[in-house]
Amino acid sequence: MEEATTYKVRKEKSIFKLPTDWIFSDPIDLEHKQYVLLDFLKYCDKKIDKFEIYPVYTELSIHLANLQSISSDFKTLYFEKKLHNLDDEILLSDLKFKPVPITDEKEYDEFSEIVKFAGQKVLDYFNIVKAIWTIVYDSISLKVIKNERHFNEFQGYFYFDKNGKRMVWKYQIENRGRLTIDSKMNIILIKTIESTDDNITEYFDFQKKLPIFELQTTMDYPMEASLIPAFKRKILNYTIQKNTISNLKNNGTK
């Protein structure tokens with residue numbers, strides 16, 4: 001199998017429902033902004049009810065950070081990063097800031113009430129989705145099937161059984177020189193077979209001796225919006241832990 005440079009779940013853009021400038025765009029009216037925000041939160045409710053974590057988790061994180069920035073520094077944040085996957089993260093390095101374009105004192109008083117109202121609502125929903133993410137993440141178990149010693153290749157395979165099918169992915173971690181929890185992992189689905197087929201060795205590239213993981217979950221959560229992001233985080237956390245232990249053994253605790 002040829003090694004590709006990147007692997008992605010899909011190329012379709014993940015577009016947020018509510019832009020960050022919603023809070024200071026015309027009209028600066030508390031009742032109107034309450035309507036706009038509550039409409040967005042109804043959208044979040046639908047995703048929460050179905051345990052669809054992404055991209056709502058990321059979007060709520062951005063709105064919360066934006067409101068906190070406005071409250072503390074009167075600056076709004078924005079980003080220009082292109083989002084390709086549902087779980088693409090927006091890092092601090094991706095954020096840009098500019099002054100909130102409100103100078104009229106009458107508008108400022110109304111705007112302050114809007115920020116106060118929105119801040120608590122968004123924080124509440126962020127905490128709800130964060131709790132759901134923890135539930136999904138904790139429901140997943142990871143088992144190393146083969147080549148555990150080659151975790152530092154920063155690429156490998158994982159598979160998951162669902163509805164009688166075994167889905168096999170190849171993963172690749174970017175930024176190998178600075179492996180952190182924010183490191184990006186690209187994946188590609190390379191094969192779907194019957195879960196009863198135990199002869200899966202032919203679907204893996206053993207020549208490179210890359211690690212192979214089996215992932216299981218106790219509940220049936222949405223695949224792309226919840227399980228895939230959690231699978232990637234499980235493997236990334238495992239790789240970080242193994243890499244940290246290896247560095248400590250090789251270099252000491254200095």
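K47, K50 and E52 are linked in a network of salt bridges. A salt bridge here is a side-chain nitrogen of Lys or Arg within 4 Å of a carboxyl oxygen of Asp or Glu. Side chains of opposite charge can pair when their charged atoms come close. K50 is partly exposed, with a relative accessible area of 47%. On this scale, buried means under 20% relative accessible area, exposed means over 50%, and partly exposed lies in between (1.4 Å probe, protein chains only).

The model is predicted: local features need pLDDT of at least 70, side-chain atom pairs count only at pLDDT 80 or more, and totals for chains, interfaces and linings use all residues. Residues are numbered from 1 along each chain as its sequence is written, and side-chain values use heavy atoms, with hydrogens and water left out.

By the salt-bridge rule, the count comes to ten. Another of these pairs is E89 with R233, at 3.6 Å from N to O. This pair links distant parts of the chain: E89 sits in the loop between β1 (75-79) and β2 (95-99), R233 belongs to helix α4 (residues 223-251), and the two are 144 residues apart. Helices (H or I, at least four residues) and strands (E, at least two) are DSSP runs, numbered from the N terminus. E89 is partly exposed, with a relative accessible area of 27%.

A further salt bridge joins D161 and R166, whose closest N and O atoms are 2.7 Å apart. Which of the two is buried, and which is partly exposed? R166 counts as buried at 7% relative accessibility, whereas D161 counts as partly exposed at 32%.

Now turn to the strands. Strand β4 covers residues 155-162, and six of its eight residues are buried. Two strands pair if DSSP finds at least two bridges between them. How many bridges join β4 to strand β5? Eight bridges join β4 to β5 (residues 165-173), and the two strands run antiparallel. Q155, for example, stands opposite Q172 in β5. The two strands form a hairpin with two residues between them, and N163 in the turn has a positive phi of about 55°.

β4 also pairs with strand β7 (residues 212-217), here in the parallel sense and over four bridges. In β7, E214 is the bridge partner of Y159. In a regular strand the side chains alternate between the two faces of the sheet.
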